[in-house]
Amino acid sequence: DGDTLMVLDITNAFQHTIRTLDRRNVYITLGPRQLEWFKERFPPGTVPEDDGTGYVVQLLTEFQGLHEAGKQWYVLLRKILTKKLGFKQCPEDPGLLRLLRPGGQRMNVAISTDDCLVAFNCPEIVQLVDTTLNSFFEVRKKEGPVLSFLNLRIIQSAHGNSIDQTELILEYLHHYFSDGERVNPCADFWDDNLEEDLYNSAILEGNELRAVEKENRGSIRHHGGKWQHICEWSRPDLMYFCNRLAAFNLSPTRAAFGQIKKLYRGIAGCFHRPLFYPCGINLREKSTLKCEVSVGLYKEFLMSNHLALFADSGERRSLYDNKAIGCTITTLAGTATDWKSSTLRNQHTSSTDAELQTYYVAARAVVQMRPIQNFLGSKVEGPVPIYEDSEPTIKVVNSTNPTSRIRHIATYASYSHEQQAVGNSTPIYIPTSLQLADIGTKNLGRIQRTRLFTNMIGFKHYPPKDSDHYKSLQLDDYHKAFRQDE
């Protein structure tokens with residue numbers, strides 16, 4: 001997902017156009033055993049002629065067609081792109097490919113199963129690829145200002161590219177709240193007052209669990225999985241909630257279901273929050289990260305427009321494991337392209353220990369992301385900044401040798417220092433009030449969460465109100481609440 005968003009962002013820097021490609025029915029090809037069983041179960045004439053999309057049949061295996069179908073499709077597509085067309089595959093991410101041709105013609109492709117997101121800069125290269133692919137199989141192509149890709153709505157214009165999953169979020173809200181039910185939006189996604197209840201509540205089992213799941217229209221796994229998908233693609237403000245809720249997948253309690261309802265009420269007040277990647281941003285320059293820390297008082301910070309990471313660790317919140325949560329956020333042109341939030345593996349003796357481990361995760365991410373950026377045509381020059389709000393952590397990274405007091409975290413410190421020494425990444429101090437990664441490590445209040453989140457999603461670059469992009473993106477709904485007009 002992060003690499004796909006990176007393609008969308010870099011597209012603006014090179015003034016590329018986006019389109020999608022899709023191959024239908026990749027996985028429903030029946031093998032000999034399945035075909036033999038199918039003919040026995042459904043004799044000729046018992047199943048109406050169809051294109052394969054009008055009905056679903058049970059197969060001998062629980063897979064949709066052959067277990068090897070996914071690999072077979074990927075191998076075929078890769079051979080066509082690399083052998084026939086001359087695409088180069090990204091060593092760090094095999095799902096990314098590029099094609100360079102004389103005259104500056106360029107095409108970047110991000111593959112997700114049987115769907116492809118394509119960015120190109122001239123129609124000739126598109127015609128070549130279409131002709132070659134259609135000689136092997138039928139491909140559905142979609143072009144235009146508004147596209148759909150993996151539950152994402154992508155809108156492209158001269159102002160930039162935007163993505164959102166508002167339609168899917170509204171579908172989730174309509175499914176959870178009954179028709180005609182009055183919804184009272186709340187400011188938070190997680191209730192810190194329920195921490196003791198979460199720890200002390202008895203685990204639900206049997207009929208009691210089924211009754212609570214019916215009341216909440218699904219299990220904790222069901223709701224957690226849905227919102228994890230949304231979080232991974234378009235809503236980094238849900239990282240903390242998804243991380244904490246996952247701890248109750250195998251031990252559901254009433255308090256955990258209470259947190260689910262809290263989330264739905266929180267999302268109901270801010271269901272439309274698109275990510276926006278602006279056009280015309282010089283990646284070699286810097287932009288201002290600005291945040292209102294109190295009424296009328298602003299803090300500003302100059303951050304890199306090119307690849308940059310934010311790393312932070314929060315306090316130990318959960319009474320279950322007493323472990324901290326670490327978060328890293330990757331930005332390009334000032335907008336987030338990748339975000340990760342996870343519970344750290346060890347219990348830490350100090351906040352610096354947790355911060356250093358999170359910085360280590362960010363330094364490792366740079367090792368992968370830097371060559372991907374270069375592969376896509378946006379060369380990263382100089383060390384990648386990792387913005388850190390812990391001065392002791394920065395001192396440890398800058399130190400040449402670990403002292404006796406940090407030998408228990410010497411691996412994290414030594415690796416981070418080595419990456420700085422070779423010029424791959426470097427720590428830069430950022431005030432805590434501007435630390436974007438805070439949003440994934442703790443349950444921030446509405447005001448602080450909104451301040452950080454609007455900076456992450458490129459809010460300051462949103463298209464002007466009189467533009468077609470603004471209207472297509474339905475930004476008039478930005479401040480609306482779910483069922484506000486009902």
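Which residue stands opposite Lys88 in β3? Arg98 holds that position in β3. The report below places this pair in its sheet and then turns to other parts of the chain.

**Overview**

The structure is a predicted model. Its chain has 486 residues, of which 51% count as buried, and contains 15 helices and 17 strands. Among contacts between residues at least 6 apart in sequence, 71% join residues at least 24 apart. The mean pLDDT of the chain is 85, and 85% of the residues reach 70 or more. Over residues 50-66, however, the pLDDT is below 50, although this stretch has 29 contacts in the model beyond near neighbours in sequence. Where pLDDT is low, the predicted coordinates should not be read in detail.

**The six-stranded sheet**

An open sheet is formed by six strands in the order β2-β3-β4-β5-β1-β6, with antiparallel pairing. Strands β2 (88-89) and β6 (140-142) stand at the edges; each has a single partner strand, so one side of each is left without a neighbour in the sheet. Strand β2 runs antiparallel to β3 (residues 96-101), and two bridges join them. Helix α4 packs on this sheet, where it touches β1 (17-22), β3, β4 (105-112), β5 (115-120) and β6. Helix α11 lies across β2, β3 and β4. The table gives the direction of each helix relative to one strand.

| Helix | Residues | Strand | Angle |
|---|---|---|---|
| α4 | 123-134 | β4 | about 45 degrees |
| α11 | 351-375 | β3 | about 30 degrees |

**Strands β9 and β10**

Strand β9 (residues 160-164) pairs with β10 in the antiparallel sense over four bridges. Within this pairing, Ser162 stands opposite Phe276 in β10. In a regular strand the side chains alternate between the two faces of the sheet. In β10 (residues 275-278), Leu275 and Tyr277 point one way, while Phe276 and Pro278 point the other way; all are buried.

**Helices α8 and α10**

Two packed helices are described by the angle between their axes and the distance between the axes. For α8 (residues 220-233) and α10 (residues 254-268), the angle is about 35 degrees and the axes are 11 Å apart. Their crossing is left-handed. From α8, the residues Ile220, His223, Lys226 and Trp227 take part in the contact, and they meet Ala256, Phe257, Ile260, Leu263, Tyr264 and Ile267 of α10. The residues of this contact comprise eight nonpolar, one polar and one charged.

Key. Residues are numbered from 1 along each chain as its sequence is written. This is a predicted model: local features need pLDDT of at least 70, side-chain atom pairs count only at pLDDT 80 or more; totals for chains, interfaces and linings use all residues. Side-chain values use heavy atoms; hydrogens and water are left out. Axes are lines fitted to C-alpha atoms, for helices over the stretch in contact, and angles run from 0 to 180 degrees between N-to-C directions. A crossing is left-handed if the near helix is turned anticlockwise from the far one by less than a right angle, and right-handed if clockwise. Contact means heavy atoms within 4.5 Å. Ala, Val, Leu, Ile, Met, Phe, Trp, Tyr, Cys and Pro count as nonpolar, Asp, Glu, Lys and Arg as charged, and the others, Gly among them, as polar. Buried means under 20% relative accessible area, exposed over 50%, partly exposed in between (1.4 Å probe, protein chains only). Two strands pair if DSSP finds at least two bridges between them. pLDDT is the predictor's confidence in each residue, from 0 to 100.
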